[in-house]
Each structure stands twice: as C-alpha cells, then as structure tokens.
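Work through the exercises below with the model open. Try each task before reading its solution.

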Amino acid sequence: KLSHYFKGLDIFLTVISKEIVTIATVILTVFIVVILSASLMYTLEHKAQPEAFQDIPHAIWWAVVTMTTVGYGDVTPVTFAGRLLAGFIMLLGVGVVALPAGMLAARFGEEIQMRKDRMRTQVLHALEDGQIDDWEMIELEKTAHHLGIPLDSLNRLIDLHKVQRHHHSKCPHCGKKIETDSEELSR
C-alpha cells in the first residue's frame, strides 16, 4: 500500500519483481560461497585457533562478516593459508555485493527510461493535432501520475515537443509553413 503514496517505491518493487530470478540466483550463490569458504577456513584454522574456529557454524559467522566487508575483527586467521583464503574471500565479497548492485542499478535506469518513453509517446499522440486540449491534459496527468513522473517533468516534455514541432513546421529563414510528409499523405 505504501507504493500508492511513494512512486519511487513502486519503481523499486517493479524492478525487484522483474529481477527476482537474478536476485534469487545471487542469494543462492552467496549462500554456497559462505558455506564453502567457512568449511575451508575451519579446515585451515581450527588447529591453530580452536577457540575461534570451534566448528563450522562459528566459521560461517566469520565468513558472513568477512564477505559483507563488515570485518568486526573478533576472529582473524593466523595461518598463512588462512590469511590467503581470507584475502580471496574479501575480494570475492566485494564482487558479490557490487555485481547485483550494478545489475539492479542498470535495471532501474531501464525502467525509468521505459516510463519516460511511454510518457513521450503519449505526449506525441496528444500533440498530433498541434495542441493539447483539456481532456488530453487530464489524461496525460493521469498517465504521468501512474508512471511516477512529476508534473513539472511532464510539462517540460510537452514544451520540448511543442517547440520541436513548431521548429520543424516553419522555415527558419522566411517563417513560411513547411508541409511534412504526413501532411502531404493526408491530402
């Protein structure tokens, strides 16, 4: 229900629903990497630090903290192999967070562009006769509200297309009306 009041949340939920398979894949991959890295770290560090790496669940705690780059520092590897593995896991953790974040950011951009393109199409359709009447403006405002596009952006889009339409319909030198292909075809 919050998405009704916050259009940004609507875009967020739309993107999440479209990318749910990708998100589930990332979560599964992170889960597998955490279990594998915790098991390896337990194997490498248990003899050197039996109190820190008592069992695999303790190692899982370490792996989650390390992969999410929180790094509490309460448990750190002391063996060379353990530190080498920890460095690899830290780098992997940055990638695991950055990759889905980048994919979602790209999808957000695509979603916003799709909404703007849809709004642009509506504006061009409304301007086919050269003007926007009151009913068309009400419909454009409804569409803009539905798509989460602010009214000032809608008005700028309308003004831009009016200027472009006017610019292309008159000669820049003499001001005489230029007939377009669509006008000639309609005769």
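**Exercise 1.** At what angle do the axes of α3 and helix α5 cross, and within what distance do they come? Classify the packing and describe the contact.

*Solution.* This is a predicted model. Start with the geometry. The axes of α3 and α5 (residues 80-126) come within 11 Å and cross at roughly 175°. Angles over 145 degrees count as roughly antiparallel, so α3 is roughly antiparallel to α5.

Next, list the residues. On the α3 side the contact includes T22, I23, V26, V30 and V33. On the α5 side it includes A81, G82, L85, A86 and I89. Further along, M41 and L44 of α3 take part, as do M103 and L104 of α5.

Finally, sort by class. The contact of α3 with α5 has 16 nonpolar, 3 polar and 1 charged residues.

**Exercise 2.** How many aromatic pairs does the count come to? Classify each and state its burial.

*Solution.* The count comes to 2 aromatic pairs. Take F12 and F108. Their ring centres are 6.0 Å apart and their planes are at 15°, so the pair is stacked. F12 sits in helix α2 (residues 7-18) and F108 in helix α5, 96 residues apart. Relative accessibility is 38% for F12, which counts as partly exposed. F108, at 23%, also counts as partly exposed.

Now take F53 and W62. The centres are 6.1 Å apart and the planes are at 65°, so this pair is edge-to-face. F53 has 0% relative accessibility and counts as buried. W62, at 4%, counts as buried.

**Exercise 3.** Where in the protein chain is confidence lowest, and where is it highest? Decide which stretch calls for caution.

*Solution.* Begin with the whole chain. Its mean pLDDT is 83, and 84% of its residues reach 70 or more. Confidence is highest in helix α3 (residues 20-45), at a mean of 92. It is lowest in helix α8 (residues 181-185), at 41.

Over residues 181-187, pLDDT stays under 50. The model has 4 contacts beyond four places in sequence for these residues. Where pLDDT is low, predicted coordinates should not be read in detail.

Methods: Residues numbered from 1 in each chain as written. Predicted model: local features only at pLDDT ≥ 70, side-chain atom pairs only at ≥ 80, totals over all residues. Heavy atoms only, no water. pLDDT = per-residue confidence, 0-100. Helix = DSSP H or I, 4+ residues; strand = E, 2+ residues; numbered from the N terminus. Contact = heavy atoms within 4.5 Å. Axes fitted to C-alpha atoms, helices over the stretch in contact; angles between N-to-C directions. Parallel < 35°, antiparallel > 145°, perpendicular 65-115°, else oblique. Nonpolar A, V, L, I, M, F, W, Y, C, P; charged D, E, K, R; others polar. Phe/Tyr/Trp six-rings, centres within 6.5 Å; stacked < 30°, edge-to-face > 60°. Buried < 20%, exposed > 50% of the residue type's maximum accessible area, 1.4 Å probe, protein only.
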